[in-house]
Amino acid sequence: MSKLLPTSTAGSLPKPSWLAEPEKLWSPWKLTGDELILAKQDALRVSLSEQIQAGVDIVSDGEQTRQHFVTTFIEHLNGVDFDKRETVRIRNRYDASVPTVVSEVSRTKPVFVEDAKFLRALTDRPIKWALPGPMTMIDTLYDAHYKSREKLAWEFAIALNQEAKELEAAGVDIIQFDEPAFNVFFDEVNDWGVATLERALEGLKCETAVHICYGYGIKANTDWKQTLGSEWRQYEEAFPKLQKSKVDIISLECHNSRVPMDLIELIRGKKVMVGAIDVANHTIETAEEVADTLRKALQFVDADKLYPSTNCGMAPLPRHVARGKLQALSGGAEIIRKELVGL
């Protein structure tokens with residue numbers, strides 16, 4: 001887009017307490033039927049309004065109509081049994097009860113397209129829509145059918161591509177694929193992970209992004225981060241391949257992390273969504289703290305390719321904290337804009 005340093009969020013935003021239990025992942029809905037549909041639409045309106053009031057340039061649905069960034073998409077696919085559950089290790093980090101792939105997976109109907117049309121009718125601002133990436137999807141399931149992570153990922157990529165094309169037709173400007181699994185399964189990322197990602201975005205004319213982070217601010221993730229040492233160099237494994245890929249934008253975690261900022265040099269030429277907001281604590285950043293992160297990033301990415309964003313989604317945070325963090329994000333970006341134009 002034409003605006004310098006356009007701000008956005010990486011993914012989810014907190015849900016209103018009347019829709020689902022706040023500050024919780026996989027929180028069950030408090031309503032059913034038509035009441036739930038209307039409540040989700042109201043939540044979309046509220047989320048959009050809060051983003052606009054905070055000064056966010058590229059808005060999103062805040063993932064208000066889904067319980068989880070991965071499983072809600074999977075729920076709408078054929079071939080996955082949510083009643084047949086197994087316990088698996090998610091990203092080698094924590095155990096979770098997940099559904100089972102029991103037959104060929106396929107997408108027979110749109111998942112988020114009507115939500116995207118609804119949001120598009122509410123705003124003229126650019127819209128970014130997040131979908132789970134193929135590798136992260138397979139890591140959130142038990143596969144009793146294909147018995148091959150790669151084969152299942154290719155099937156998911158086809159379904160994602162079908163959804164992405166319809167989202168683009170609905171007026172979405174940027175389609176983002178969330179791939180936190182890229183920070184864990186390095187051999188698979190380079191063997192077929194990036195290739196399945198490119199299959200998911202095949203044929204799209206809108207901008208595309210991949211979001212790779214160190215996860216929500218939940219205990220399993222923060223505990224894992226403590227084991228990673230003084231420098232987090234996981235991006236070093238995937239960035240060279242991604243630099244050569246067809247994806248337009250790469251979204252990464254920076255603020256309050258131990259990621260060496262110079263790793264951004266590995267994706268020189270790509271647009272970069274720089275995480276300048278920490279989602280793992282309730283402390284609201286100052287605009288100057290955000291600006292400091294952006295200044296550091298500008299050593300390795302051109303200003304016209306830098307998109308200030310959050311480290312990850314903010315669903316587990318209190319709403320007032322998320323609002324404050326978004327305001328800080330916009331304030332920090334404005335500080336850097338003025339510095340760049342010499343005002």
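**View 1. Tyr214 is a buried residue of this predicted model.** Tyr214 has 0% relative accessibility. Buried means under 20% relative accessible area, so Tyr214 counts as buried. Tyr214 sits in the loop between strand 6 (207–212) and helix 7 (219–225).

**View 2. Tyr214 and Tyr235 form an aromatic pair.** A pair of aromatic rings is described by the distance of the centres and the angle of the planes. Here the centres are 5.7 Å apart. The planes stand at 80°, and the pair is edge-to-face. The pair links distant parts of the chain: its residues are 21 apart, and Tyr235 belongs to helix 8 (residues 235–243). Tyr235 is buried too, with a relative accessible area of 1%.

**View 3. Tyr235 and Phe239 make a stacked pair.** Their ring centres lie 4.8 Å apart. Their planes meet at 10°, so the pair is stacked. Both residues are in helix 8, 4 residues apart, which means about one helical turn separates them. Phe239 has a relative accessible area of 0% and is buried.

**View 4. Four residues form one aromatic cluster.** The members are Tyr214, Trp232, Tyr235 and Phe239. The chain's count of aromatic pairs comes to 5.

View 5. Of its residues, 57% count as buried. Among contacts with a separation of 6 or more, 75% join residues 24 or more positions apart.

Note on methods: Residues are numbered from 1 along each chain as its sequence is written. This is a predicted model: local features need pLDDT of at least 70, side-chain atom pairs count only at pLDDT 80 or more; totals for chains, interfaces and linings use all residues. Side-chain values use heavy atoms; hydrogens and water are left out. Buried means under 20% relative accessible area, exposed over 50%, partly exposed in between (1.4 Å probe, protein chains only). Contact means heavy atoms within 4.5 Å. Rings of Phe, Tyr and Trp (its six-membered ring) pair if their centres lie within 6.5 Å; planes under 30 degrees apart count as stacked, over 60 as edge-to-face and the rest as tilted. Helices (H or I, at least four residues) and strands (E, at least two) are DSSP runs, numbered from the N terminus.
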